[in-house]
Amino acid sequence: MANNSVVVQPDGRVVPQDAEKARTPFSEFWRKFKKQRLAVVAGCFIILLFIISLIGPYITPYSAIEPDYDNILSPPTLKHLAGTDAYGRDIFSRIIEGTRISLFVGLTSVLVGAIGGTFLGLISGFYGKWVDSVIMRFCDVLFAFPGILLAIGIIAILGPGLENVIIAVAIFSIPIFARIVRSSTLSLKATMYVEAARSIGASPRRIIFKHIFPGTLSSIIVYFTMRIGTSILTAASLSFLGLGAQPPSPEWGAMLSSGRDFLNTAPHVTFFPGFAIFLTVLAFNLLGDGLRDALDPKMKDE
Amino acid sequence: MDNKLLEIENLKTYFFTDSGRVPAVNGVDLFIREGETLGIVGESGCGKSVTSLSVMRLLAHTPGRVVDGSIRFAGMDLLSLPESKMREIRGNEIAMIFQEPMTSLNPVYKIGDQIGEAVRLHLKYDKKKARERVIQMLKLVGIPRAEEIVDEYPHQLSGGMRQRIMIAMAMSCEPKLLIADEPTTALDVTIQAQILDLMRKLKEERGTAIMLITHDLGVVAEMCDRVVVMYAGKVVEEADVFDIFENPKHPYTQGLLHSIPKLRRKTERLQSIPGNVPTPGNMPSGCKFAPRCSHAMDVCREQEPDLLQIASGHRCRCFLYQNDLAKEA
Amino acid sequence: MAEQLIEAKNLKKYFPVNKGLFGRKKSYVRAVDGVSFSIFKGETLGLVGESGCGKSTTGRIIMRLLAPTEGEIRFNGKDISRLPDHQLRELRKELQMVFQDPYASLNPRMTVGEIIAEPLVVHRTATGKERDKRVQELLELVGLSSYHANRYAHEFSGGQRQRIGIARALALHPKLIVADEPVSALDVSIQSQVLNLMQDLQKELGLAYLFISHDLSVVEHISDRVGVMYLGRIVEIAEKDDLYDKPLHPYTQALLSAVPVADPRIRKERIILEGDIPSPSNPPQGCSFHPRCKSCMDICKTTVPELKESEPGHFTACHLYG
């Protein structure tokens, strides 16, 4: 026993004696997240990816761009762990360099989409009425297009290139975040602590950013993580179609595309970039699942 | 009459959660005689509802499990019965009504079908006979237009009506014991008066024993023959209703009685029990009430007192009285 | 007589309900349907009634969390019922609220210190060290300790949370606190702590309370005057002792007799009301209580009774006392 952890004061107050450490929301989250083995592994893998994307160019054994015509389409060997492509470039080095591109595209596009969508969702949910109708109809219009088709359409207007891929993916992320944030805004707006904030005279801006936004943050984080996976996939698809990164850029989708002519003779050229995409997307999805289980208030233990 | 219908001895029900083992009920002893109303009083988290769920063996879908003790009902050991036998008892010999009449009824079935289900299951009535029985029960609990209400859905009824339906359902198989867990807490005062009136009438007419779980001492005074006061998973006092209100012994019972405002008593200031109800994960050692007790002695913080008889039919778990007993002996 | 702090005149609040497939047929829930009362400086007005009688809505209108559909609220003589938002914010310093559910009314993502300091931040009345000092004062005023400021609300029990809610309400030195069922969610032994605290604070700070509750015993204990509401109207309002000793309205009589008494020797004769409370979207014609009333007369079915002074200081809305 924590040596009789409470003491009654003369005026009737009961004061706990042990200054137990405060259970912050973050420590609660960490306690639950730790239990999700798979998600922790996925998280570690993603951290590794980020490290690689930072120091990648310094650790690659070969140049990712310079051709080496002596080693064309070499299968995986000890010298070239993942083999070489049609120009003799080391695929392993290219994948490592490509990590930076894929993560950058995934992260920035979803970030832009999340910021825009969150802002629209908060406003739409909080003010309701015609503001809500206008924003939600706009989202419905975007939803009516299949994502990849919308992206192709946007690129058709803006022209091919990695920056435009980011813009395209960001635009079709906006309505998804707007909807999620709007629905949690609606339920948070009805909570009593928001009413309490109104009763002390807090301005709408303060209520939105201090009381409602932190409450929507957990679903934003979960969705953010999951969307990164999807965005990487979409960006790779666009590059595969030749609409995104242009050769000789070591973008994974572009690498995949350049290998398809040798699918029968040199399958490793497509296999390794494909495997990198697969692992990365899977890791982000697993992490997102784990985050949801740890953050979802409905899953709180009794 | 001194036939014990239900006898609970040293019941311990623990909840196993990911933050550890939580003793919700930690050694409860109580009994109910045939045809009597026993009130179980206590504050949130004292284990009164878990006790009733343990009796009904309805803990399967919770992380809770009975870890020790015995529950004897009409000569049977409920804890060792197979589940199939338990199903026959549930709803037939022991029925239960809950606090929330809104959520206890399935919204997609008609009233008649829900009550009829129990009748057909336990009394083996056919459909037509069951329907007649349902209408008869609805009339018994004072529902107007009983013939029409059988074919209506729960959402078409008010809260008071739904609680009547719950009582009709519970009483339809003429149980020997009715467990009522805060049956009127969700209802308005005037509706509460109707429901309490109905329960009293049913008890007098049918001789059903009632285990009435509540935090409202007014309800207890009006309804009960005997009272058990629970605190932190244990029974701290047990006596007949007059003794509890006129001669309470345990400091917690005394504090509870003094802290409620009473109509027309004109108390200037309420006495209150300092501190908070201890949470299961954070129990003080010794007597669980000691940190909040104005009579606490050294021994209270070290040892846990036993539930001992201090007068005929009056048991109390407090060292204040156990020393007297020791001296006499 | 003491100074009048709040005067509510004929307050009404109708909530529109859309009916029909395309929401064209509009009907209204008459949550509050003509409520008038006043609250004097330093007194407690209790408002009792059963669920759906409009007592909480009335409290929210007084707080101007809801705008009245009709009627007037005078605070210190000034009409506040149509104030625009930026002027309302000034008013919030004087009017504060304590909520029913101490679990839901505190933001789970803020520490107790942040919660209590929020009114000071919003109104920029204190900053830095001064603000911290005020938070500590407030914590101590409601019987908590200053080290509690760094903890989150979920680490506290219901009673302690309600103390935090009260501390927040007190931060700006309000004149009136609207308390909406402040003890209903608390355990019996904790209720009395909070009631005592509220009484002590009233004496110390000269606060006025509008105390809304369904519990007649609690209201009697804390109030100076009591109003009884039924279906959006006040049916009786009087000094506490007058009302509880000599209830005039048949509904008040039934309500009082329905309260279970914590004394097994008393087996009182009770008036058991038939039926349920009618829906406020479709209230009965005439006196809304007439279908359940034992003394119903013909006039009750057609004419709504006015709230009249049947004895000095004792107002009743009933044709029996016309």
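Predicted model: local features only at pLDDT ≥ 70, side-chain atom pairs only at ≥ 80, totals over all residues.
**Entry 1: two helices in chain B**

I began with helix α6 of chain B, residues 159-171, and helix α7 of chain B, residues 189-206, which pack at an angle of about 15° with their axes 10 Å apart. Angles under 35 degrees count as roughly parallel, and α6(B) and α7(B) are therefore roughly parallel to each other. I also noted that the crossing of α6(B) and α7(B) is right-handed.

Which residues meet here? On the side of α6(B) I found G159(B), G160(B), Q163(B), R164(B), I167(B) and M171(B), and they meet I191(B), Q194(B), I195(B), L198(B), M199(B) and L202(B) of α7(B). Sorted by class, this contact holds seven nonpolar, four polar and one charged residues.

**Entry 2: the domains of chain C**

Next I turned to the domain assignment of chain C, which gives domain 1 as 4-94 + 174-189 + 200-271 + 307-321 and domain 2 as 105-173. The C-alpha centres of these two domains of chain C lie 28 Å apart, and eight residues of domain 1 are in contact with eight residues of domain 2. The side of domain 1 that touches domain 2 has six nonpolar, no polar and two charged residues.

**Entry 3: chain C against chain B**

How many residues does each chain give to the contact? I noted 34 residues from chain C and 38 residues from chain B. On the side of chain C, the elements that give two or more residues are α5 (158-170), α6 (188-205), α7 (216-222) and α9 (250-258), and α6(C) gives the most, with eight residues. By class, that side of chain C has 16 nonpolar, twelve polar and six charged residues.

How values were computed
Residues numbered from 1 in each chain as written. Chains lettered and ligands numbered in written order. Axes fitted to C-alpha atoms, helices over the stretch in contact; angles between N-to-C directions. Helix = DSSP H or I, 4+ residues; strand = E, 2+ residues; numbered from the N terminus. Parallel < 35°, antiparallel > 145°, perpendicular 65-115°, else oblique. Left-handed = near helix turned anticlockwise from the far one by under 90°. Contact = placed C-beta atoms within 7 Å. Nonpolar A, V, L, I, M, F, W, Y, C, P; charged D, E, K, R; others polar. Domains from an automatic or database assignment.
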